[in-house]
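Welcome, and thanks for taking a look.

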Amino acid sequence: MHTMVIADDEEIELKSLSLLIKKEFTDIRIVGLARNGAEMVSFIDQYKPDIAIVDINMPGINGIDAIQLVSSLNVPTRFIINTAYSDFEYAQRALSLKVDYYILKPQKRTDTVAVIRKLCDDIDKVRASRKSRIQVDELFSNIQPVIESEIIYSIFMGEPAVSSFSMWCEINAVQFSGGLMVSLIPVDSADGILACCDKKKLRNYLHSALQDVCTLLATINDFSISILFFIPSKDGDHWESWLTDVLQVLFDKLKSHSNLLLRAGVGRCYPAFEKMPDSYRESIAALRGITDVPISFYRSASSNVDADYLTQLASDLVKSTQSGNFQNLDAVLMAEMPALKSDASIPMYLWRSCQDIALKLPKANTAELQRFFAMTSRQLESGTNPDYRIRRIGENLKLLSGLLRTGGKSDSNPYVVKARKFIEENYKKDLSLEAVADQIGISPFYLSRLLKQELGQTFIGYLTQVRMQEAIKLAGVTRLSIKEIAERTGYSNPTYFCRVFKKFTGQTIGGYRESSAE
């Protein structure tokens, strides 16, 4: 439906046009009949019609002056001048005001109808185009966080999604001349504030808070906020001071907005996006052991490998293991790789430090943990290559996670005992939470809650852990193909299995076998 105002000081012309519109155009509703320029301006201001048919020679404010007044109201009205005056000056002013059509009286009814219909069609096209743009904008606003998360998580995995990043830059009309990763964690890491917050709203606030300051990509999980900052080329030589100012602005805004107190670990600045995984790992390492400063920049620890350094590193690794934060665990190990590789004995010292810390945890089952560390220590000692030992430490810590997160205790709930036993006996099958719950006679919701309480893991998390333990064993002691290992551990899709294995161990099957053989 279109709306229209007709302005003419001749009553006969006003009624004639009104009758014509009502007869010929069922999709036009007349919202005002103005008999002078002042009435026309008032009607247009009130109703904001799609079309106005305007006579020039009206008492008081003439039609041209009225159109000029309306132009300041920011309305979408399109204009047709309908007049007996063919004066060139009027026509020239009409063109300058971007009037759509200039009709000279008298004109055939069919010609008048054709002009109005053409203008209606044009308005429909503009509406459709605007609606399409709105839909595209809405779609993009919905997929933008997904693309950003994909890019950031590819950095976490050490396999930067270059094509997705290039697409994001092109869509947002920005250039990447250098950047770095920043990891933000709550000052009080025990308060669980990130796990409870509305992550979508917080992410949107991050962007709005810094949109006039810099370009960034961000993602938020239960443990930390990870941000990829674009460093402006003009600030490349003094990026540390520039970023300090930016982060201080962000800290102040987050504190006032949501009472969120954070501290930041900052990785090094690199000119290429492909180096962002290094910057991310460095940002995690920059947080290690530092709690009294809001912003900590990464400094290489390779020249400072001593007992205190390894003890603190072990403490950080055990904390990440206990909380199930494997992302942080992998990042710390990779960032400290140069220091840990400087001597083949250092990884063994680190693992013994992890053992000492784990055994001192409250309610730790000393006997069960000692058996675990005795077995894993023998595995580490079987290889002398530092790379192999460090990767195995990462794998062993992930396997240790279940013990630490339950205090090394046996399951106290009989339903959890039954569920674990059923999963461990049937992990090769296509298991679901519903199927396991039905097998032991409780609701899926109740089982999910019990697993979270007793194991500190979701059903999928525990099932994946069981399957990956078997996959690691098969990859190390057999020459089965990837497809065969996948099938024996409950994965029908080898590609998906490889992705899960890489995420769990930090290595491909081939890479794991090579390191195990060393």
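This is a predicted model: local features need pLDDT of at least 70, side-chain atom pairs count only at pLDDT 80 or more; totals for chains, interfaces and linings use all residues.

Residues are numbered from 1 along each chain as its sequence is written, and side-chain values use heavy atoms, with hydrogens and water left out.

**The helix pair**
- Helix 17 (residues 414–426) packs against helix 18 (residues 433–440) at about 120°, with axes 10 Å apart (axes are lines fitted to C-alpha atoms, for helices over the stretch in contact, and angles run from 0 to 180 degrees between N-to-C directions).
- Helices (H or I, at least four residues) and strands (E, at least two) are DSSP runs, numbered from the N terminus.
- Y415, K418, A419, F422 and I423 of helix 17 meet V436, Q439 and I440 of helix 18 in the contact (heavy atoms within 4.5 Å).

- Five strands form an open sheet in the order 7-8-6-9-10, with mixed pairing (two strands pair if DSSP finds at least two bridges between them).
- Strand 7 (216–220) and strand 10 (295–297) are at the edges, each with a single partner strand, so one side of each lacks a neighbour in the sheet.
- The twist averages 20° from one strand to the next.
- Strand 7 pairs with strand 8 (residues 225–230) in the antiparallel sense over 5 bridges, and T219 stands opposite S226 in strand 8.
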